[in-house]
Every structure is written in C-alpha cells, then in structure tokens.
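Visitor: Could you walk me through some local features of the model shown here, taking them one at a time?

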Amino acid sequence: MELSNRKIVLGVTGGIAAYKSCELVRRLREQGAHVQAVMTHSARNFLAPASLQALTGMPVFDDLWDTRMSDGMAHIALSRDADAILVAPASANFLAKIANGLCDDLLSTLVLARRSAQCKLLLAPAMNVEMWEQPATQRNIERLRADGALILGPAHGDQACGEVGAGRMIEPDEILADLVAAFQSKCLRGRRVLITAGPTFEPLDPVRGITNRSSGKMGYALARAAREAGADVTLVSGPTMLAAPHGVRRVEVDSAAQMLERVLAAVETADVFIAVAAVADWRAASISPLKLKKRASAEPPTLQLANNPDILATVAALPLPPLCVGFAAESERLIEHARSKLSSKGVAMMVANSIPDALGSDEAELVIVDATTARTLPRASKLEQGRRIVAAIADRLATRVDPGEPGT
Ligand code: CTP
C-alpha cells in the first residue's frame with residue numbers, strides 16, 4: 001500500500017467533477033490513507049456530505065464554526081496532523097482565494113493554517129476552458145506554484161458544459177499517482193530519462209511475427225519511479241497490455257529497428273538511458289508482403305534471420321552518451337553474465353534478473369552490478385525495485401566525472 005498511515009485532508013469545492021471525489025476516496029483508502037473530507041458550501045450542491053462520510057468512515061466538515069471540535073478550532077485541529085491537503089476538484093474561485101491568502105471558509109482557512117513544511121498542498125483544478133485560460137486564473141496558478149503548491153492537471157477534453165478544452169479534472173487514478181509521487185524523493189529533478197520497455201515484434205508477414213514473453217512491467221515501473229523522482233520521462237515501448245504511467249511520454253513501436261530509430265531521435269537531450277526492453281536479437285531477413293500460405297504437401301518454410309541492432313550498445317557508443325543502464329535477463333551465472341554485458345556494451349550499470357523468475361511477475365529480486373560491485377535488491381514489487389534503481393542512478397549521476405566516457 002502506497003499511502004499507509006498517511007493522513008490526507010480531501011477538500012472538495014463546488015464543481016461537477018465533485019462526483020469523482022467519491023471514487024478518489026476509495027482509491028486513497030485502498031492505498032491505506034486516512035481520509036478526512038472537508039467540503040465548501042458550494043460543493044454541497046454537487047455532492048451530499050453523507051456520501052463522503054460513508055466512504056471515508058469519518059464525519060465531514062464544512063463549517064469554520066463547527067462546534068464538534070472541543071476547542072471550536074476545526075481549522076487548526078484538522079490541519080495539524082495532516083500529511084497533505086488535496087483539493088479535488090479545486091474551483092476557479094477557490095484557487096483565486098487561496099492564491100491571495102483569503103480564508104473565509106473552513107477549507108481555505110485550513111490551507112492557510114497548515115504547516116507548509118509538514119503538510120503538502122495539492123490542487124486538482126476543474127473548470128470551464130474559458131475560466132481556465134483567463135489570465136486571472138493563470139496568474140493565480142503561477143502564484144500558487146511559486147508558493148509551493150502542486151498543481152495536478154487539468155486535463156484537456158470534453159467538458160460537462162458541452163465545450164471542449166483544458167480544464168477537466170484529471171482522473172482519480174492520476175490524482176492518486178501524483179499524491180503518491182509527492183511523498184517520493186525528487187532525486188532526479190530536472191533530469192531527462194529515456195527508457196525502453198516491453199518486447200519487440202519482428203514481422204514475418206502481415207500477420208505473423210517473432211516476439212517474446214516480456215510483459216513490460218519492469219520498464220513501466222521504472223518509468224513511473226523516474227517520473228515520481230522528478231524526471232521528465234520518455235518511454236519507448238514495444239507492444240504491451242499496460243497503460244502508460246501518468247505523466248510519462250510514451251512512444252509506441254513494434255520492431256527493434258523502430259525502437260532504435262525512436263531512441264536515437266530522443267537520446268540527444270537525455271541524461272540517462274535505461275534499456276529494459278527485451279529486444280529480439282534477430283529479425284526475418286526478408287518480410288513477406290503477402291501472407292505466407294500453407295501448402296498441403298509442402299515442407300514448412302525455412303526462416304532466414306538477420307541480426308538486430310543492439311540498441312543499448314549503440315547508445316553507449318555515441319560520442320556524448322547519457323548515463324547508460326542495462327538489464328541482463330539470465331537463466332544461469334547471473335553476475336558473471338551481467339558483468340560481461342556491462343563491459344561488452346560499455347555501460348555504467350547492469351541490473352541482473354533471473355529468468356523465468358521475473359518474467360511477467362509483479363515482483364522480482366534484482367542485482368545491481370557495476371565494474372566492481374554487485375548489490376542485491378531483495379525481492380520486492382517492481383515499482384519498489386524501480387525506486388531503488390532510480391536512487392542508485394541518482395547517486396551515480398551525482399558523482400559522474402566525465403560524461404564523455406562511453407555510457408558511464
Ligand atoms: N539490448 C538492446 N538491444 C538488443 C539486445 C539487448 O538494447 N538488440 C539491451 C536490453 O534492453 C538489455 C541489455 O541489452 O538492457 C541486455 O539484454 P539481454 O537480452 O539480457 O542480452 P543480450 O545482449 O540480448 O544477450 P543474450 O540474449 O545473449 O543474453
């Protein structure tokens with residue numbers, strides 16, 4: 001659970017997106033958070049307090065003068081032990097108020113009374129596109145950002161009013177991902193990270209091809225972990241069933257040749273390249289433009305294969321490569337093979353994993369291997385392993401002496 005024992009004040013202001021707050025409460029509680037809902041008076045036009053009360057298991061507050069608090073100071077009591085105040089949806093009016101330090105209701109007073117060092121402020125705006133684009137709203141958003149608030153979204157798309165544009169509240173799962181990220185170290189802030197993930201698919205004809213059993217889970221988890229750590233993340237992915245992690249730019253490809261092309265197009269600005277993809281080592285020497293036909297008495301066709309480019313080795317051999325990290329999937333002599341790939345591909349770090357252990361699973365035991373050390377990362381979820389690898393990469397970046405060294 002990503003939010004075990006975190007105390008979250010969920011502020012709900014007046015907007016049609018308030019109906020999504022119920023789903024958000026469920027997501028937060030599934031991750032172990034204690035949720036205290038606080039509504040503005042306008043929010044009650046969209047959502048009954050009883051719904052939030054039932055879902056949070058706590059009384060809902062909406063009045064600065066609530067007499068249920070023994071000392072009558074709900075704005076202090078509710079903010080003191082909170083780890084975060086998350087306002088979703090945050091209306092244009094509410095953003096304008098708190099950008100200017102106004103506090104004329106319980107929720108805005110809670111925001112002003114919180115101890116900023118301990119209690120994060122996350123705001124998920126929701127409003128009509130014209131309201132969002134007004135200079136006044138944009139000024140308020142800039143001011144709130146400068147004051148340390150995290151602005152989640154908004155998304156672009158169809159709006160309840162029938163118009164189309166920016167201003168939709170982002171989805172509860174995305175808000176949850178941003179909240180979880182807010183509690184992670186920002187050790188890759190300002191860095192650009194390029195990651196490959198998933199299998200590749202090498203076509204034989206219009207319907208058949210060569211692929212492998214990589215699920216893409218490790219690469220996607222790393223992309224999420226790098227984004228949580230503050231990086232700008234591009235994920236070049238072969239075919240998988242996975243949704244792109246929130247806030248990650250995904251480029252979808254099929255073959256190794258396409259993957260190499262998209263990697264080379266993005267690598268120039270990358271600080272880090274992490275090759276997690278299970279790239280097919282071979283492709284068909286020629287691809288039949290027509291479906292290969294089966295003939296009753298004929299022998300099966302013989303496949304002629306050609307070598308695929310090694311994407312990781314190609315990037316590591318660039319004149320000014322980013323810090324390069326590879327994954328070594330091995331079925332025996334894990335560290336020995338990983339170290340030999342480290343030197344043959346000219347990279348700084350290899351992450352070794354046993355197959356079939358990690359294949360398709362949500363967990364893995366990994367070993368981070370560099371030229372002199374081998375550090376075991378005990379079995380954990382792939383997201384947790386991704387965070388550990390991100391921390392190791394950040395350490396390595398901090399001590400990187402000569403970025404001109406091949407891939408290291
Ligand atoms: N890799 C790559 N391009 C390839 C093959 C591998 O970028 N054509 C990268 C993988 O993404 C991984 C690392 O190289 O980071 C090692 O991949 P792996 O499949 O373990 O090793 P191979 O080099 O393919 O060698 P082998 O299959 O013989 O173990």
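Guide: Let us begin with a cut-off: a residue counts as buried when its relative accessible area is under 20%, as exposed when that area is over 50%, and as partly exposed in between. Please bear in mind throughout that this is a predicted model.

Visitor: Is D62 buried or exposed?

Guide: D62 is found in the loop between α2 (49-56) and α3 (74-80). Its relative accessibility is 13%, and the cut-off for burial is under 20%, so D62 counts as buried.

Visitor: Which residue has a side chain joined to that of D62 by a polar contact?

Guide: Leaving aside residues up to four places away in sequence, D62 touches M39, H41, R44 and L106. The polar contact between side chains spans 2.2 Å, and the partner of D62 in this pair is R44.

Visitor: How are helices α8 and α9 oriented to each other?

Guide: Two packed helices are described by the angle between their axes and the distance between the axes. For α8 (residues 172-182) and α9 (residues 217-228), the axes come within 9 Å and cross at roughly 60°. Angles from 65 to 115 degrees would count as roughly perpendicular and those under 35 degrees as roughly parallel, and the two helices α8 and α9 are therefore oblique.

Visitor: How many charged residues are there in the contact of α8 with α9?

Guide: On the α8 side the contact is made by A177, D178, V180 and A181, while α9 contributes R224, R227 and E228. These residues divide into 3 nonpolar and no polar, and the number of charged residues is 4.

Visitor: Which residue is joined to P89 by a cis peptide bond?

Guide: P89 lies in strand β3, which spans residues 84-90. The cis bond has an omega of about 0°, and the residue that it joins to P89 is A88.

Visitor: Where is P154, to which a cis peptide bond runs from G153?

Guide: The peptide bond from G153 to P154 is cis, with omega near 0°. As for its place in the chain, P154 is found in the loop between β5 (150-151) and β6 (155-158).

Visitor: What is the phi of N5, a residue other than glycine?

Guide: N5 is placed in the segment before β1 (7-12). With a relative accessible area of 58%, N5 is exposed. Its phi is positive, with a value near 60°.

Visitor: What is the relative accessibility of R333?

Guide: R333 is in the loop between β16 (323-330) and α12 (334-345). Although R333 is not a glycine, its phi is positive, at about 40°. R333 counts as partly exposed, because its relative accessibility is 48%.

How values were computed. Residues are numbered from 1 along each chain as its sequence is written. This is a predicted model: local features need pLDDT of at least 70, side-chain atom pairs count only at pLDDT 80 or more; totals for chains, interfaces and linings use all residues. Side-chain values use heavy atoms; hydrogens and water are left out. Helices (H or I, at least four residues) and strands (E, at least two) are DSSP runs, numbered from the N terminus. Buried means under 20% relative accessible area, exposed over 50%, partly exposed in between (1.4 Å probe, protein chains only). A polar contact is a pair of N or O atoms within 3.5 Å; within protein, one must be able to donate a hydrogen and the other to accept it, and residues adjacent in sequence count only if both atoms are side-chain atoms. Contact means heavy atoms within 4.5 Å. Axes are lines fitted to C-alpha atoms, for helices over the stretch in contact, and angles run from 0 to 180 degrees between N-to-C directions. Angles under 35 degrees count as roughly parallel, over 145 as roughly antiparallel, 65 to 115 as roughly perpendicular and the rest as oblique. Ala, Val, Leu, Ile, Met, Phe, Trp, Tyr, Cys and Pro count as nonpolar, Asp, Glu, Lys and Arg as charged, and the others, Gly among them, as polar.
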